[in-house]
Amino acid sequence: MTRVNYAKARARAQPQLSAQPLLETTLPGGEPWAVFYRRNFGYLVRFVDLVDFEISPGGTEITVRAVPGVSTETVDHLYKNQASPLALSLQKKLVLHGSAVEISDGAIAFIGETGRGKSTLAASFSSNGFRFLTDDGLRIDKTEKQYIVQPSHPSLRLWNDSREATAHAGSLTAPATAYSSKLRFLADEHFLFCAESRALQRIYFLGDGASNSISIAAVSGQAAFIEMRRHCFLLGLDQPELLAHNFQQLAELSRLPIFFSLDYPRRYDILEQVREAIVNHLNTSLQ
C-alpha cells in the first residue's frame, strides 16, 4: 500500500491536549514546530498554530484540520512535505529529508541539516539541464535488483539569495506559505522535473561549508546508517516492529558503497564547479 487518502475537515482552533507527546520539534530559532501525539484514531501531527493532521494507524488516511485563516497553500505544502512522508513511514516506506536529481538516467541524492544546501543543489542542477526528482521528501524503494528514488511533487523552495543564483527570469512561482519566507517555484522549462522513478546511484551527505575547496570523500556504512537515521521521516515511534523494520531498511541500504561526504565553500559563484565535480565523481566511480 502506497496510497494516502486526504480529506479536509472544517477549520478550527487547535484544542489543548493533556496527553504527553511522542516527540516535539523546533525551528532553527527555537520556536515550536511539530508535535506528535498518539491518539485513539491513530496519530496527531500538529504544526503549532497552523494545522492538525490526523493520520490513521496504517498511514492510509489523513484528515486535515487547519487553524482558521491559514492559507490553502500552507496546508497543502505541509501535507505534501511533512504529513504525507510521515504517513508513508507507517506503510513501512523509507523516506528521508533530502533532495535528488537525475544524472545519466539515475538518481543522486543530497542529505544534510537544514540550511546546508539540499534545495540549492537541486535547483542548480535542474536549472542547468538536469531534472530534479524531489526537493525534500526523498522516498527510496527497494526492488529485486536495485534501490529506486520515487519522484515527489514538482516544486522547489528557495531562500531569496538561492533564488537569485539559480532561478531564471520568468520562472513559475507559487504562493508563499505562512511559516517561511522561502520562495516556492514550480517545475517548468527553467526548473526541469523528472516524473519517473530512477535508480539510486549515490547519496552525498552535505558538510557545513567550512571546507576551503570542493571535497568529496567516501563514507563508511556505519556512518551512513547513523546519518540516514537522523534524517528519516518516522511517525510510529511507539511501534517496536515498525522501528525495527526501519532499522533493517537502513542497515541493508548502508551496506552499499554509494555514500560520500560533500563539502564546499558556500559561494554561489562556484555552483557550476560543484556540479561538474559531482558529475565527474559519479562518472568516474561508475566506470
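In this predicted model, strands β7 and β8 form a hairpin with 2 residues between them. One of the turn residues, Ser 104, has a positive phi of about 50° although it is not a glycine. Most residues other than glycine have a negative phi. Ser 104 is found in the loop between β7 (94-103) and β8 (106-111). The two strands run antiparallel and are joined by 6 bridges.

How many of the residues of β8 are buried? The count is 6 of the 6, so β8 is largely enclosed by the rest of the structure. Gly 106, Ile 108 and Phe 110 point one way from the strand, while Ala 107, Ala 109 and Ile 111 point the other way, and all are buried.

A positive phi also occurs at Asp 49, where the value is about 65° although the residue is not a glycine. Asp 49 lies in the loop between β4 (42-47) and β5 (51-55). Its relative accessibility is 58%, which is why Asp 49 counts as exposed.

Strand β7 leads on to the charged side chains. The structure holds 17 salt bridges. In one of them, the side chains of Arg 131 and Glu 102 meet at 2.8 Å, N to O. This pair links distant parts of the chain, since Arg 131 is in strand β9 (residues 131-134) and Glu 102 is in strand β7, 29 residues apart. Arg 131 is partly exposed, with a relative accessible area of 25%, whereas Glu 102 is buried, with a relative accessible area of 11%. Another salt bridge joins Glu 196 to Arg 198, with the closest N and O atoms 3.5 Å apart. Here Glu 196 is partly exposed at a relative accessible area of 36%, and Arg 198 is buried at 17%. These four residues, Glu 102, Arg 131, Glu 196 and Arg 198, are linked in a network of salt bridges.

Lys 142 counts as exposed because its relative accessibility is 53%. Glu 252, at 24% relative accessibility, counts as partly exposed.

Helix α5 (residues 240-253) has 14 residues, which should span 20 Å at 1.5 Å a residue. The C-alpha atoms at the ends of α5 are 20 Å apart, which agrees with that expectation. Which residues of α5 are buried? They are Leu 242, Asn 246, Gln 249, Leu 250, Ala 251 and Leu 253.

Another helix, α2 (residues 118-126), contains Ser 126. With 0% relative accessibility, Ser 126 counts as buried. Leaving aside residues up to four places away in sequence, Ser 126 touches Phe 132, Leu 156, His 190, Phe 191 and Leu 192.

A separate group of 3 strands forms an open sheet in the order β12-β14-β13, with antiparallel pairing. The edge strands are β12 (155-158) and β13 (173-174), each of which pairs on one side only. Strand β12 is joined to strand β14 (residues 183-186) over 4 bridges, in the antiparallel sense. In this pairing, Leu 158 has Leu 183 of β14 as its bridge partner.

Two places remain to be described. Arg 3 is in the segment before β1 and is exposed, with a relative accessible area of 57%. The C-alpha atoms of Arg 3 and Thr 60 are separated by 6.2 Å, although these residues are 57 residues apart along the chain. Not counting residues up to four places away in sequence, Arg 3 touches Gly 59, Thr 60 and Gln 91.

The other place is a nonpolar surface patch of about 190 Å², made by Leu 22, Leu 23 and Leu 237. Leu 22 is in the loop between β1 (5-8) and β2 (23-26). At 31% relative accessibility, Leu 22 counts as partly exposed.

How values were computed:
Residues numbered from 1 in each chain as written. Predicted model: local features only at pLDDT ≥ 70, side-chain atom pairs only at ≥ 80, totals over all residues. Heavy atoms only, no water. Buried < 20%, exposed > 50% of the residue type's maximum accessible area, 1.4 Å probe, protein only. Pairing = 2+ DSSP bridges. Expected span 1.5 Å × (residues − 1). Patch = residues over 30% accessible without salt bridge, like charges linked within 9 Å, V, L, I, M, F, W, Y side chains within 5 Å. Areas by Shrake-Rupley, 256 points an atom, 1.4 Å probe, with all protein chains shown as cover. Contact = heavy atoms within 4.5 Å.
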